[in-house]
Structures are given as C-alpha cells and as structure tokens.
Amino acid sequence: ADAGYPNGFKSEMLVSYEPPNPDIAAILQEQWAKIGVEMTINIKERAAFDRDAYSNEYESVAIPAGFDAANPIAVLSSEVQTDAYYNTSGYSSPAADRAIIALLQENDPQEQFKLIRETSAIVLDDAMCIQLSPGAFRTYWWDWMENYFGEFSLSDGNATELVPWMWINEDRKKALGF
C-alpha cells in the first residue's frame, strides 16, 4: 500500500526448469501472495530462459536468479552496470555507472574499497533486486596437490579445466601417511 499498490498487483516469474529453481519460485509465490502479489510462474527450459532473461525485453517479470558474492568488482560491472549482460533486472543508474567506471579504472585497493562501498550503497538504496541468498563456495584440496592454489574455476564455475595443470606430490603424500 505504501508503494502505491493498495490492492496488490499481478506479475509473472520467469524460471528455468533446473532444481531448485521451481521450488524457490513456489515458495516466493506463496510468500508474496500474503502481501498481495499474485505471481504466475512461467517455467522454461534453459535456452528459452536465458534468451528471455537476458533480453531485457520483458514486462512485469520476476526472475529468481543467482547474484555472485565473491568479487564485488565483477558483480558490479557484470550484473549492475547499465546494459551489462547479467543485469537481468534491467537496472540503470547514472550514479552507479559513474562509480563502476571509476572503480574499473582504479588500481589502488583502498580507493577500490571506497568505490565499492559507494556503489553498493547506491544499488542497495535503489533496491534493484531482492537478494535471496548469495552463493558461497569452499574448495578443499589435499596438501600433496601441486600447482593448485584453491581456485574454483578458470571460466564459469567449472573446475575441470584446472586438472591438467595439477599433479600429486607422491613423497609429500607418503610423508603425511597416505
């Protein structure tokens, strides 16, 4: 009611078919109904979902999608900046864009932290999305793995491209009792 919708509103939620996305959509649909949001769930196979989610040509659609949590510079430039590929909300803020451009050009870590905080404050104040749960990954490895330093991936969340560059230090493995 405070936002100008005293009787609620109707919307659509675009969802990819992979688990747990349909379950998350059902939970959101039920919870939002309690505050007057009537949500229709539109489940699509992955290619159709990606086409529609990244086109930014939809109207009145919610998309339960992940939001990276580890590297704020990557998140701000790829998910927040106007017309960024992963900016599925279609968010656009000249103030945030100016801060992101300055951040991408800054080499001093202390200045980067300052710009990250400034940009994050703008984005959070604008409420560009409802962040459900940021992802967190942990990668563990045995001490006898050589040439591996805890990277999660070299590309898009795929650790398999790292394997050819690692090897096992058999002497260290034996010394550790394995």
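Student: Why does Gln 81 count as buried?

Tutor: The model before us is a predicted one. Gln 81 has a relative accessibility of 17%, and buried means under 20%, so Gln 81 counts as buried.

Student: Where is Gln 81 found, and which residues does Gln 81 touch?

Tutor: Gln 81 is found in the loop that joins helix 3 to helix 4. Leaving aside residues up to four places away in sequence, Gln 81 touches Leu 76, Asn 87, Asp 97, Ile 100, Ile 101 and Leu 104.

Student: What makes Gly 36 partly exposed?

Tutor: The relative accessible area of Gly 36 is 30%. Gly 36 lies in the loop between helix 1 (21–33) and strand 2 (37–44). Not counting residues up to four places away in sequence, Gly 36 touches Asn 7, Gly 8 and Phe 9. Its C-alpha atom is separated by 9.4 Å from that of Ala 1, a residue 35 positions away along the chain.

Student: Which residues of helix 3 and helix 4 meet?

Tutor: From helix 3 come Ile 73, Leu 76, Ser 77 and Val 80, which meet Ile 100, Leu 103 and Leu 104 of helix 4. Sorted by class, the contact of helix 3 with helix 4 has six nonpolar residues, one polar residue and no charged residues.

Student: What makes helix 3 oblique to helix 5?

Tutor: Helix 3 and helix 5 pack at an angle of about 40°, with axes 10 Å apart. Roughly parallel requires an angle under 35 degrees, and roughly perpendicular begins at 65, so helix 3 is oblique to helix 5. The crossing of helix 3 and helix 5 is left-handed. Here Pro 72, Ile 73, Leu 76 and Val 80 in helix 3 meet Gln 112, Ile 116, Thr 119 and Val 123 in helix 5. By class, that contact comprises six nonpolar, two polar and no charged residues.

Student: Which residues form the largest nonpolar core?

Tutor: The largest nonpolar core has ten residues, namely Leu 76, Val 80, Tyr 91, Ala 96, Ile 100, Leu 103, Leu 115, Ile 116, Val 123 and Met 128. At least two residues of this core are supplied by each of helix 3, helix 4 and helix 5 (109–126). Another core lies apart from it and has eight residues, including Val 15, Trp 32, Val 37 and Met 39. In soluble globular proteins, nonpolar side chains tend to be buried together.

Student: What does Ile 116 touch, not counting residues up to four places away in sequence?

Tutor: Ile 116 touches Pro 72, Ile 73, Leu 76 and Leu 103.

Student: How many helices and strands does the chain have?

Tutor: The chain has six helices and five strands, in the order β-α-β-α-β-α-α-α-β-β-α from the N terminus. Of its 178 residues, 26% count as buried.

Methods
Residues numbered from 1 in each chain as written. Predicted model: local features only at pLDDT ≥ 70, side-chain atom pairs only at ≥ 80, totals over all residues. Heavy atoms only, no water. Contact = heavy atoms within 4.5 Å. Helix = DSSP H or I, 4+ residues; strand = E, 2+ residues; numbered from the N terminus. Nonpolar A, V, L, I, M, F, W, Y, C, P; charged D, E, K, R; others polar. Core = buried A, V, L, I, M, F, W, Y, C linked by side-chain atoms within 4.5 Å. Buried < 20%, exposed > 50% of the residue type's maximum accessible area, 1.4 Å probe, protein only. Axes fitted to C-alpha atoms, helices over the stretch in contact; angles between N-to-C directions. Parallel < 35°, antiparallel > 145°, perpendicular 65-115°, else oblique. Left-handed = near helix turned anticlockwise from the far one by under 90°.
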